[in-house]
Amino acid sequence: MGRAIIDEAVPRYRIEGGKTCIDVRLKTAHQLFDTRDPAPFRERDLEEAAVEYIVGAFEDLNPKAEVKIVLWIAEPSPELEAETLKEAVRAYFAYEIVRLQRRIRQHLKTGQVALGMGLAMLAAFLTLAELTRLLPEGTVRQILREGLVIIGWVAMWRPVDVLLYDWWPLVRHRRLLRRIATTEIAVEQGKPTA
């Protein structure tokens with residue numbers, strides 16, 4: 001069986017006025033919101049599929065591209081005006097930024113605690129390794145000494161990993177959410193052209 005051929009010449013997103021448009025097609029404005037959330041529309045969570053689509057689209061696009069989110073509503077709801085929908089999208093992503101900042105702070109605190117514990121473990125195992133000098137010379141003493149040194153440094157691996165590497169994806173995601181939260185949002189009726 002042959003593989004599907006993807007035409008790279010066909011753009012995935014519409015361009016309008018020099019901006020890449022992320023078109024979110026909805027039958028009604030109510031589809032934008034998570035139906036399990038009882039809060040008023042401005043404070044409601046957005047539907048998970050809509051959030052995933054918007055975030056995924058921003059991940060696909062060049063970070064320097066000018067972008068516009070366009071909510072296409074086939075059957076408008078009089079109680080959900082365009083400004084309410086725009087505010088709801090912005091508020092959702094602004095709240096996600098706050099949550100992510102909290103996670104980053106917690107992550108760094110955990111890393112600092114783990115670093116303190118790791119340094120204590122390193123000091124303890126290096127001290128024990130030095131105490132092996134009191135044992136008679138031989139292979140057992142050498143193996144024990146090297147094993148204690150290795151265990152001490154392995155105890156430092158996770159704290160260093162947490163503090164140096166693990167939080168960068170969270171920071172990149174926060175940058176992406178900030179970009180989404182400040183992007184122009186339009187609400188249109190019908191279906192996107194072309």
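Predicted model: local features only at pLDDT ≥ 70, side-chain atom pairs only at ≥ 80, totals over all residues.
Strand S3, which comprises residues 67–75, is mostly covered, with seven of its nine residues buried.

Lys68 lies in S3 and has a relative accessibility of 10%, so it counts as buried, the cut-off being under 20%. The side chain of Lys68 makes a polar contact of 2.7 Å with the side chain of Glu16. When residues up to four places away in sequence are left aside, the residues that Lys68 touches include Glu16, Lys19, Thr20, Thr183 and Ala186.

Helix H1 (residues 48–60) has 13 residues, which at 1.5 Å a residue should span 18 Å, and this agrees with the 18 Å that separates its end C-alpha atoms. The buried residues of H1 are Ala50, Val51, Ile54, Val55, Ala57 and Phe58. Because these residues cover an arc of only 155° around the axis, they are placed on the same side of H1. Such a pattern can be followed from the geometry of an α-helix, which has 3.6 residues a turn, so that residues three or four places apart point the same way. Glu48, Ala49, Glu52 and Glu59, by contrast, are exposed on the other side of H1. The buried residues of H1 are covered by elements that include S2, S3, helix H2 (82–131) and helix H4 (168–181).

Technical notes: Residues numbered from 1 in each chain as written. Heavy atoms only, no water. Helix = DSSP H or I, 4+ residues; strand = E, 2+ residues; numbered from the N terminus. Buried < 20%, exposed > 50% of the residue type's maximum accessible area, 1.4 Å probe, protein only. Polar contact = N/O pair within 3.5 Å; in protein donor to acceptor, adjacent residues only side chain to side chain. Contact = heavy atoms within 4.5 Å. Expected span 1.5 Å × (residues − 1). Arc of directions from axis to C-beta.
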